[in-house]
Amino acid sequence: MAKKDRTTDAAKDKDREKWMARFQVRLVTQPGVDRAIVLQAVKEVTTHCEETGEDPRTAFGDPDAHAVQVAARLVPEDRAARGRRNNALVDALDSVRDAVGKIGGA
């Protein structure tokens, strides 16, 4: 294999890794997503790319948008709603903690 081909392949591999990493990070931030859903979604993307030879950006577009779509498809609505409520509660507690810290001079 020529040096240019190896460089091109390495760049494609790096792009694919970046896409997958971004996809996984965005996916885990979606309400109700657990490890099983992340594993299923990664397997779907990986299998598709292996079977078609496409890179994930060509096949699925933006990793953030795809993560949101996958979560909407794979997470049951009741679990997603519970996750959103939990996230809102954590955000509220963080705000109170920050306010108390400012009052206390911390």
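Which residue caps the N-terminal end of α4? In this predicted model, the cap is provided by D62, which has a side-chain oxygen 3.1 Å from the backbone nitrogen of D64. Within α4, the buried residues are P63, D64, H66, A67, V70, A71 and L74. When α4 is seen down its axis, these buried residues fall within an arc of 160°, and they therefore line one face of the helix. The face of α4 turned away from that buried side carries Q69, A72 and R73, which are exposed.

The buried residues of α2 are I37, V38, A41, V42, V45 and C49. Because these buried residues fall within an arc of 130° when α2 is seen down its axis, they line one face of the helix. On the face turned away from the buried side, α2 carries the exposed residues R35, K43, E50 and E51. The helix is followed by G53, a residue whose phi is positive, near 80°.

The aromatic residues were examined next, and the count comes to 2 aromatic pairs. In one of them, the rings of W19 and F23 have their centres 5.2 Å apart and their planes at 20°; since planes under 30 degrees apart count as stacked, this pair is stacked. Both W19 and F23 lie in helix α1 (residues 3-28), where they are 4 residues apart, or about one turn of the helix. W19 counts as buried because its relative accessibility is 1%, and F23, at 0% relative accessibility, counts as buried too. W19 also forms an aromatic pair with F60, and this pair is tilted, with 6.2 Å from centre to centre and 35° between the planes. Distant parts of the chain are linked by the pair, for W19 lies in helix α1 and F60 in helix α3 (residues 56-60), 41 residues apart. F60 has a relative accessibility of 24% and so counts as partly exposed. Through these ring pairs, W19, F23 and F60 are linked into a cluster.

In soluble globular proteins, nonpolar side chains tend to be buried together. Here the largest nonpolar core has 16 residues, and those with the most contacts inside it are F23, L27, V33, A41, V45 and V70. Helices α1, α2 and α4 each supply at least two residues of this core, and α2 gives the most to it, with 6 residues. A41, which is buried in α2, touches F23, L27, V70 and L74, when residues up to four places away in sequence are not counted.

How values were computed. Residues numbered from 1 in each chain as written. Predicted model: local features only at pLDDT ≥ 70, side-chain atom pairs only at ≥ 80, totals over all residues. Heavy atoms only, no water. Buried < 20%, exposed > 50% of the residue type's maximum accessible area, 1.4 Å probe, protein only. Arc of directions from axis to C-beta. Phe/Tyr/Trp six-rings, centres within 6.5 Å; stacked < 30°, edge-to-face > 60°. Polar contact = N/O pair within 3.5 Å; in protein donor to acceptor, adjacent residues only side chain to side chain. Core = buried A, V, L, I, M, F, W, Y, C linked by side-chain atoms within 4.5 Å. Contact = heavy atoms within 4.5 Å.
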